[in-house]
Amino acid sequence: MFLPAEMDALVADGGGLAGLRAARVPVPRPGRGQVLVEMRAAPCNPADLLYLDGRYGITRPFPATPGFEGAGVVVASGGGLLARWLVGRRVACGGHGCTGTWATYCVADANQCIPLRSALSFDEGATALSNPMTALALVALMRGGGHRAYVQTAAAGQLGRMIRSVARRHGLAGIHVVRRAAQADSLRKLGARDVLVSADAGFSAQLAARCREKGASVALDAVAGAMTGQLAAALGPRGEVVVYGALSGDPCGGIDPMALCFGAKRVRGFELVGHLRTLGLLGKIRLGLAAQALVVSGEVATAVRARLALAEAPAALAEYEKSMSEGKVLLLPR
Ligand SMILES: NC(=O)c1ccc[n+]([C@@H]2O[C@H](COP(=O)([O-])OP(=O)(O)OC[C@H]3O[C@@H](n4cnc5c(N)ncnc54)[C@H](OP(=O)(O)O)[C@@H]3O)[C@@H](O)[C@H]2O)c1
């Protein structure tokens with residue numbers, strides 16, 4: 001297949017959104033075990049904002065094209081059985097090692113690509129893996145730990161809503177923490193009963209009381225900062241806080257060491273890519289298929305606020321950063 005020498009891409013310099021610009025860059029070439037994907041849609045996630053600020057936990061040296069997930073068509077292989085098999089297929093792709101999905105073309109490891117079910121559009125496929133897989137993995141983690149009730153922060157975000165849906169199917173009771181009253185209303189309209197607003201006076205006491213009443217023994221925390229300490233304090237003895245995001249931008253804080261020691265409480269981290277490594281290729285494919293099934297069935301969905309060309313991204317992402325619950329910005333490179 002003919003491939004152009006150059007393509008449209010967004011390029012980041014580590015200086016946040018202000019340092020993000022549209023550019024013409026060389027089309028990357030896949031090596032062995034890799035594929036070249038012609039990108040059709042790619043979302044902006046909180047991880048991308050961290051990356052743009054140079055605060056994400058992986059190395060993709062600047063200047064670089066951002067974007068860790070998306071969907072497109074595999075147009076070339078760099079060799080290897082799986083990579084060759086993928087040529088011509090519609091895939092969800094990305095991963096920390098890809099060349100960046102916010103571009104017309106992206107090189108990704110073949111084992112980081114999952115063929116898209118025909119029922120899924122590229123727009124749906126672009127967000128069909130990371131958040132749904134994380135929701136499934138976190139609920140499995142809670143069930144494996146014998147937990148019956150949980151607290152979650154950032155509950156009105158796309159992943160927070162997915163966690164609630166999957167957890168409910170498995171009979172786990174949730175306490176949903178949001179940061180604004182309007183978000184609490186929108187969750188209640190979806191049927192959530194226990195919703196707390198972290199900005200309310202007396203939030204910590206309310207949280208502890210709800211945890212006691214429900215017997216919540218685990219907290220899924222995407223906010224970090226002082227929230228991690230509030231969650232650790234609210235859970236009973238042997239409670240576990242699982243930190244999987246850093247939305248506050250602050251280090252986890254306010255954790256009472258005596259509560260950890262005498263209450264045998266724990267604070268641990270979770271990150272999907274590291275988790276997938278523990279599952280092996282088959283386990284990863286199984287989780288990817290289960291995630292797509294969730295989207296196809298309508299059990300989870302990603303709200304999209306805007307579908308935009310690459311060049312329109314910087315202004316739109318600044319809006320997204322201000323009120324994330326309104327939905328993702330999808331970048332359409334073609
Ligand atoms: N560890 C992993 O493997 C993994 C995988 C996927 C996602 N994640 C993490 O999961 C989290 C949610 O992702 P998402 O895709 O659901 O994001 P999203 O749809 O953009 O939603 C983010 C949510 O967080 C809220 N929020 C933002 N900043 C906050 C703050 N400082 N304090 C409290 N709430 C805040 C937003 O509320 P507003 O509307 O008020 O802005 C919004 O409800 C992110 O931290 C992401 O990095 C982790």
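This report describes a predicted model of a protein chain with a ligand.

## Overall form

The protein chain has 334 residues. Its radius of gyration is 20 Å, which agrees with the value near 20 Å for a compact globule of that length. Along the principal axes, the C-alpha atoms fill a box of roughly 65 × 40 × 40 Å. The chain holds 11 helices and 15 strands.

Buried residues account for 45% of the chain. Contacts were also sorted by sequence separation. Among those with a separation of 6 or more, 68% join residues 24 or more positions apart.

## Two domains

The chain divides into domain 1 (6-127 + 302-331) and domain 2 (131-272). Their C-alpha centres lie 29 Å apart. Eight residues of domain 1 are in contact with eight residues of domain 2. On the domain 1 side, the touching residues are four nonpolar, three polar and one charged.

## Ligand shell

The shell around the ligand has 26 residues. Gly 157, Leu 159, Gly 245, Leu 272 and Ser 325 come nearest. By class, the shell has 12 nonpolar, 11 polar and three charged residues.

Domain 1 and domain 2 each give at least three residues to the shell. Helices contribute too: α1 (46-52), α4 (130-144) and α5 (158-169) each supply at least two residues.

Strand β5 covers residues 90-94. Five of its five residues are buried, so the strand is largely enclosed by the rest of the structure. Arg 90, Ala 92 and Gly 94 are on one side. Val 91 and Cys 93 are on the other. Both faces are covered. In a regular strand, side chains alternate between the two faces of the sheet.

β5 pairs with β4 in the antiparallel sense, over five bridges. Val 73 has Arg 90 of β5 as its bridge partner. β5 also runs antiparallel to strand β7 (residues 114-115), joined by two bridges.

The pairing here is parallel. Strand β8 (residues 149-152) joins β11 over three bridges in the parallel sense. Gln 152 has Leu 220 of β11 as its bridge partner. Strand β12 (residues 240-243) also runs parallel to β11, with four bridges between them. Val 218 stands opposite Glu 240 in β12.

## Leu 52 in helix α1

Leu 52 is found in helix α1. It has 25 C-beta neighbours inside 10 Å and therefore counts as buried, the threshold being 20 or more. Leaving aside residues up to four places away in sequence, Leu 52 touches Ala 12, Gly 16, Leu 17, Leu 20 and Pro 66.

Leu 52 and Gly 19 are 33 residues apart along the chain, and their C-alpha atoms are separated by 8.0 Å.

## Backbone exceptions

Most residues other than glycine have a negative phi, and most peptide bonds are trans.

Pro 63 lies in the loop between α1 and β4 (69-77).

Ala 154 sits in the loop between β8 and α5. It counts as buried because it has 28 C-beta neighbours inside 10 Å. Arg 238 lies in the loop between α8 (226-234) and β12. With 12 C-beta neighbours inside 10 Å, Arg 238 counts as exposed; the limit for that class is 12 or fewer.

Key:
Residues numbered from 1 in each chain as written. Predicted model: local features only at pLDDT ≥ 70, side-chain atom pairs only at ≥ 80, totals over all residues. Near = placed C-beta within 6 Å. Nonpolar A, V, L, I, M, F, W, Y, C, P; charged D, E, K, R; others polar. Domains from an automatic or database assignment. Rg over C-alpha atoms; globule rule 2.2 N^0.38 Å. Contact = placed C-beta atoms within 7 Å. Pairing = 2+ DSSP bridges.
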